[in-house]
Amino acid sequence: MKRAGFTTRWLPMLLLLPQLAVIIVFFYWPAAQAVQSSFYLEDPFGFGSTFVGLDNYTYLAQSTEYAKIARFTLVFTILVTFFSLALALLLAVKADKVIRGAKSYRTLLMWVYAVAPPVAGFIGLLMFNQSWGPLTELAKSFGWDFTLGVNATDTAAAMVLVSVWKQVPVNFIFFLSGLQSIPKSVREAALIDCASAIRRFWDVTFPLLAPTGFFLLIINITYALFDTFGIVDTLVKGEPGNNPMTLVYKVYVDGFRGNDLGGSSAQSVVLMVLVLALTVVQFRLVERRIHYT
Amino acid sequence: MDHAVLILGSLFLLVPLLMVLQTTTTPDLDTIKNGPQFVIGNRIDDNFMAAMFKASGFSGENTGMRMLMNSMILGIGFAVGKIVIGMMAAYALVYFRLRFATFAFWLIFTTLLLPLEVRILPSYEIAQKLGLLNTYTGLIVPLIASATATFFFRQYFRSIPEELVEAARIDGAGPVRFFIDILVPLSQTMIAAMFIIMFVYGWNQYLWPTMVTTDEDMYTLVRGIKQLTQDLEGTSIPQYGRANMLALIAILPPVLIVIFFQSWFVKGLTESDK
């Protein structure tokens, strides 16, 4: 709110109206409905629903299948986050250093940002084609008989690889802009004080990049949890079978295919709580970030 | 050494795309037998025509042309809708004295916390109740229901010096005048940056379009990907040339926009921060 604002009464209401209308109809209403139907058991043939209290939640808590999917999602998230951050950091540090071709490298390393996740999954299917996929061949040359869609571990490996491929550019862009905002004087001082490039990186550059890193950590966790839906869906070709899946994919499979509205809603609510927790962590880190710089 | 790492990284990202590109130039039988090779064939025109004008599926309506148009409508409609609604709301929040401003602020910015994926089924049911399935409105409007652009413009408006609005008021400009003649022109770069990010975001949507559009003539390119994977699994000869060409067509517009407007895009991305 600016100190010198306007005082017209009706105009701000009118300006806020479209935004409020859209979020009330398509955000608060569905969110409330998800919470509500998580307490109900929907008749699979559409004949009404019965209040079952916390049954959907206790069922989830006791389901070994759900626990398995949650465990997979955790491992998947850790792997995707770690590799895409590490790879992007390495590339950003190098791209920040070179002078010749700096712009071309930047372009070559960021364009994948604009590729849609399912399209990335589609390319993954090509790379891991059973009869001639270049990556299947590569795995074979190491004695790894890679079967996408059949062997759960192999499918998981492909999911991680494609998700990392898709996420490296975002992290690269943020790391590079973080590196470029480190003042020249700091770099020069470090250069005078310390001859070893590796020590300069860990003692000076890395701590200064930490705020960007924290921020990206949350972004990447959210990405691995939610935005990889398209990658998972195309890599398993819409047929989960015994393939691994993420929690979000399970919400979709149970609710949309299995018509288990209550169970799916309970899962949605679990995810909502998870995201809210992440956001609280993020806000605390953002506060710290302000102290840092 | 630095260059070696960067070249390897670039190749890691680029080679898969080149392989897709290669398979669009050769006859399907070559691809079925050998996969991507080191030759450039002469079938690129045929495959392009097949991708753009031939349809798969039952209705014969989901040609590449049709899907490209739908993707454009989704990308542009989403970006424009988001920017217009966001700028209006941000203007109201920053420049007006409002009694319920804090409440409106929290109502709006809570939406940043929950992605569409966690409320996808009830959203679908509501779209169904409102008769929005298989309509452009149903495709676009529910996606707009978050406040990313509003947040971004709010931050930007707050960074504009107070003197500007004071000067405008002394000169007799009303709130509408100030918005249209001063604030919008001043925000041009920000609008451009937001447009690029939102266009790419809208274009790349998958889950929501998959649920809300079942008529083949409403498919977007990204939504159509699922059908392509199923086509390649089918009993007849898989049309790799056509399918991979369609994947390329789905990739190119957002990628080109990001490359050509790189500086705006990076600015928008790193400054919105959320």
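**Entry 1, chain A overall.** I began with burial: 53% of the 293 residues of chain A count as buried (under 20% relative accessible area, with exposed over 50% and partly exposed in between, 1.4 Å probe, protein chains only). I note that this is a predicted model, in which local features need pLDDT of at least 70 and side-chain atom pairs count only at pLDDT 80 or more, while totals for chains, interfaces and linings use all residues. Residues are numbered from 1 along each chain as its sequence is written, chains are lettered from A and ligands numbered from 1 in the order in which they are written, and side-chain values use heavy atoms, with hydrogens and water left out.

**Entry 2, fold.** I counted twelve helices and two strands in chain A (DSSP runs numbered from the N terminus: H or I of at least four residues for helices, E of at least two for strands). Read from the N terminus, the order is α-β-β-α-α-α-α-α-α-α-α-α-α-α. The C-alpha atoms fill a box of roughly 75 × 70 × 30 Å along the principal axes. I then looked at contacts (heavy atoms within 4.5 Å): of those in chain A between residues at least 6 apart in sequence, 66% join residues at least 24 apart.

Chain A carries 22 positive and 17 negative side chains, and the centres of the two sets lie 16 Å apart. Here Lys and Arg are positive, Asp and Glu negative, with His and the chain ends not counted; each charge is placed at NZ of Lys, CZ of Arg, CG of Asp or CD of Glu.

I found 92 residues of chain A in contact with 105 residues of chain B. The buried area between the two chains is about 9,300 Å², and carbon and sulfur atoms give 75% of it (accessible area, 1.4 Å probe, that two parts lose on being put together, summed over both). The rule finds three salt bridges across this interface (side-chain nitrogen of Lys or Arg within 4 Å of a carboxyl oxygen of Asp or Glu). I looked up Lys94(A) with Asp2(B), whose side chains meet in a salt bridge at 3.2 Å, N to O.

Thr77(A) sits in helix α3, residues 64-97, and is buried at a relative accessible area of 8%. Beyond neighbours within four places in sequence, Thr77(A) contacts Ile221(A), Ala224(A) and Leu225(A). In helix α5 of chain B (residues 101-109), the buried residues include Phe105(B) and Phe109(B). Their cover includes α1 (10-37) of chain A, along with α4 (64-95) and α8 (148-159) of chain B.
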